[in-house]
Amino acid sequence: MGETYESSGVDIAAGDQAVQRIKQHVRSTFRPEAIGEIGGFGGLFDFTRHGYKKPVLVSTTDGVGTKAHVAAAAGRFNTIGIDLVAMCVDDLVCQGAEPLFMLDYISMQELDPERIEQLVVGVAEGCRQAGCALIGGEMAEHPGGEADEGFELVGFAVGAVERSRLITGADVRAGDTLIGLPSPGLRCNGYSLARRLYFEVANRGLDDPAWEGSSQSVADELLLPSVIYAPAIRHMLAKVEAKAIAHVTGGGIVGNLERVLPDKVDAVVDRSSWELPPVFSELQRIGDVADEEMAKVFNLGLGMIVAVRDKDATKAIDLLRTGGHRATAVGEIEKGDGQVQMVGEFAESDS
């Protein structure tokens, strides 16, 4: 018998089985505009059903980085898809866009239908939280590629916003208030450093306490799903104008706020206005990491920052809290040259 695709390491039957297993989860995310079924050559979305007058489409793509290595090592695959959705849709909403639909891409050395299903369970849950439809994706088997238990998970999302409601940051002015939305964990950023600190410097295992006295294990803490902010932000935007929105990912608070500031103002962020989750203190302690390095790598407890007029701040905070987030004023805008200043000292959480 001659060589076959299966003898080279690719199992087409496993791929077909995985598709059958995920169909119900994908279908659970559909909005009325999502048409067709999984398995076609492209995902279908009927945009004419929207009432936009002059829509601008906004697109983004992202992945979960080396958080995937932690999920693989822990054997936990059912929540990291939430992280993927968060990384994509929370970028979209920074420009005011409503997340509409998403596609995902999963690659493994050897397709495992059960593991694929668990990954898609997470993506589907994230899409339901965000209100967007998962209308397609791709599964790839790469023999000799990923490590035996490893996987790659990336996504692509599309949203829409009226041109007149597009948020660019150009209207940020001195006197505006900065509102922060808390992030209890690392989201998907800084994992290369976090993994090195926990597993190599501190020599801890996944089942060890995340810090002394913690009821959370290292795995629990590192696999904490990312908060999805988009629905609450959209709820706020329906009643309050945002001047700028920054999704705090790689580059930290400073790097991401600088992306949305005009060059005639500075952002002054007061560390004492929110609690620093204990995981960040523990990581800094383990590696004696400098404050500046921590601020460049991690979100330090804020996942999103919104700039609004000072007169709108109280209403915006109330709306964001109604949306499920303990939003609080974390700083203000001053005249300057596009820089971000971090002032004050953190109030550390006891949790």
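Phe 280 sits in helix α9 (residues 278-287), where helices (H or I, at least four residues) and strands (E, at least two) are DSSP runs numbered from the N terminus. At 0% relative accessibility, Phe 280 counts as buried; that word means under 20% relative accessible area, with exposed over 50% and partly exposed in between (1.4 Å probe, protein chains only). Bear in mind that this is a predicted model, so local features need pLDDT of at least 70 and side-chain atom pairs count only at pLDDT 80 or more, while totals for chains, interfaces and linings use all residues. Residues are numbered from 1 along each chain as its sequence is written, and side-chain values use heavy atoms, with hydrogens and water left out.

- Not counting residues up to four places away in sequence, Phe 280 touches Gly 185, Leu 186, Met 294, Phe 298, Asn 299, Leu 300 and Gly 301, a contact being heavy atoms within 4.5 Å.
- Phe 280 and Pro 184 are 96 residues apart in sequence, yet their C-alpha atoms are 9.8 Å apart in space.
- Ser 183 is in the loop between β7 (177-182) and α5 (191-201), and counts as buried at 2% relative accessibility.
- The side chain of Ser 183 has a polar atom 2.8 Å from the backbone oxygen of Gly 185.
- Leaving aside neighbours within four places in sequence, Ser 183 is in contact with Tyr 229, Pro 277, Asn 299, Gly 301, Leu 302 and Gly 303.

**The cavity**

- Rolling a probe the size of a water molecule over the atoms shows where empty space is left.
- The count comes to 1 cavity of 30 Å³ or more; on a 1 Å grid over the protein atoms alone, a cavity is a set of points where a 1.4 Å probe fits but cannot get out, and lining residues have an atom within 4 Å of a point.
- The largest cavity has a volume of about 30 Å³, volume being the space filled by probe spheres set on the points, with grid points joined across faces, edges and corners.
- Ser 183 turns up again in the lining of the largest cavity, along with Pro 184, Gly 185, Arg 187, Leu 224, Pro 225, Ser 226 and Val 227.
- That lining splits into 4 nonpolar, 3 polar and 1 charged residues (Ala, Val, Leu, Ile, Met, Phe, Trp, Tyr, Cys and Pro count as nonpolar, Asp, Glu, Lys and Arg as charged, and the others, Gly among them, as polar).

**Aromatic pairs**

- A search of the whole structure turns up 4 aromatic pairs; rings of Phe, Tyr and Trp (its six-membered ring) pair if their centres lie within 6.5 Å, and planes under 30 degrees apart count as stacked, over 60 as edge-to-face and the rest as tilted.
- One of them is Phe 47 with Tyr 52: the ring centres are 6.0 Å apart and the planes are at 15 degrees, so this pair is stacked.
- Phe 47 is partly exposed at 28% relative accessibility, whereas Tyr 52 counts as buried at 19%.
- Phe 77 and Phe 151 make an edge-to-face pair, 5.8 Å centre to centre with 65 degrees between the planes.
- Phe 77 lies in the loop between α2 (67-74) and α3 (80-92) and Phe 151 in strand β6 (residues 151-162), so the pair ties together parts that are 74 residues apart in sequence.

- Leu 119 belongs to helix α4 (residues 113-130) and is buried, with a relative accessible area of 0%.
- Beyond its neighbours within four places in sequence, Leu 119 is in contact with Phe 77, Ile 80, Gly 81, Ile 106, Met 108 and Phe 151.
- The C-alpha atoms of Leu 119 and Thr 79 are separated by 7.2 Å, and the two residues are 40 residues apart along the chain.

**Glu 33**

- Glu 33 is in the loop between α1 (12-27) and β1 (34-35) and counts as buried at 7% relative accessibility.
- Not counting residues up to four places away in sequence, Glu 33 touches Leu 44, Phe 45, Asp 46, Arg 49 and His 50.

**Positive phi**

- Most residues other than glycine have a negative phi.
- Asn 203, though not a glycine, has a positive phi of about 55 degrees; Asn 203 is in the loop between α5 and α6 (218-222) and counts as exposed at 63% relative accessibility.
- Asp 288 also has a positive phi, near 50 degrees; this residue is in the loop between α9 and α10 (291-297) and counts as exposed at 71%.

Definitions and conventions: A polar contact is a pair of N or O atoms within 3.5 Å; within protein, one must be able to donate a hydrogen and the other to accept it, and residues adjacent in sequence count only if both atoms are side-chain atoms. On a 1 Å grid over the protein atoms alone, a cavity is a set of points where a 1.4 Å probe fits but cannot get out, and a pocket is an open set with protein on both sides within 12 Å along at least five of seven lines; lining residues have an atom within 4 Å of a point.
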